Amino acid sequence: MLLFCPTCSNVLTVEEGTGPSSYRFACQTCPYVYNITKKISSKKYPKLKEVDDVLGGKEAWENVDSTEERCPKCEHDRAYFMQIQTRSADEPMTTFYKCCKCGHRWRE
């Protein structure tokens with residue numbers, strides 16, 4: 001947490017005060033000093049952004065074909081598939097699968 005000097009608006013630093021185990025906020029550019037009389041703390045948790053589905057979400061799987069491919073999770077023998085160029089143009093396309101039965105997704 002940063003605190004600023006009310007006189008000159010510079011950042012206040014923490015330094016040892018005159019008494020035993022006492023601290024104070026002090027400005028480095030003007031004579032402003034504020035004695036710390038109690039523990040000051042605060043916590044802020046940032047709101048996490050929602051993760052976007054890199055394959056386009058549910059809509060991307062609506063009009064895709066299915067093929068004979070065994071699901072590694074439920075052993076069903078049919079899966080939807082789509083191919084996407086994930087690497088450079090001289091590399092082969094990556095094939096993504098989604099099980100027709102359980103919805104498990106994997107790639108090859």
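**Reading one residue, then the whole chain**

Guide: Apart from its neighbours within four places in sequence, isoleucine 36 is in contact with Val14, Tyr23, Arg24 and Phe25, where contact means heavy atoms within 4.5 Å. This is a predicted model, in which local features need pLDDT of at least 70 and side-chain atom pairs count only at pLDDT 80 or more, while totals for chains, interfaces and linings use all residues. Residues are numbered from 1 along each chain as its sequence is written, and side-chain values use heavy atoms, with hydrogens and water left out.

Visitor: Where is isoleucine 36 found, and why does isoleucine 36 count as partly exposed?

Guide: Isoleucine 36 is found in the loop between β3 and β4, strands being DSSP runs of E with at least two residues, numbered from the N terminus. Buried means under 20% relative accessible area, exposed over 50%, and partly exposed in between, with a 1.4 Å probe and protein chains only. Isoleucine 36 counts as partly exposed because its relative accessibility is 26%.

Visitor: How is the chain divided into domains?

Guide: Domain bounds come from an automatic or database domain assignment, and here they give domain 1 (1–40) and domain 2 (59–107). The centres of the two domains, taken over C-alpha atoms, are 60 Å apart.

Visitor: What is the pLDDT of the chain on average?

Guide: The term pLDDT is the predictor's confidence in each residue, from 0 to 100. The chain averages 86, and 91% of the residues score at least 70.

Visitor: How many disulfides does the structure hold?

Guide: A disulfide is a covalent bond between the sulfur atoms of two cysteines, and here the test is a pair of cysteine sulfur atoms within 2.5 Å. The structure holds zero disulfides. Cysteine 27 is in none, and its nearest cysteine sulfur, that of cysteine 8, is 3.4 Å away. Cysteine 71 is likewise in no disulfide, with the sulfur of cysteine 102 the nearest, at 3.8 Å. Cysteine 27 counts as buried because its relative accessibility is 8%, and cysteine 71 is buried, with a relative accessible area of 1%.

Visitor: How many aromatic pairs does the structure hold?

Guide: Rings of Phe, Tyr and Trp (its six-membered ring) pair if their centres lie within 6.5 Å; planes under 30 degrees apart count as stacked, over 60 as edge-to-face and the rest as tilted. The structure holds one such pair: tyrosine 97 and tryptophan 106 are stacked, 5.5 Å centre to centre with 20° between the planes. Tyrosine 97 is buried, and so is tryptophan 106.

Conventions:
Helix = DSSP H or I, 4+ residues; strand = E, 2+ residues; numbered from the N terminus.
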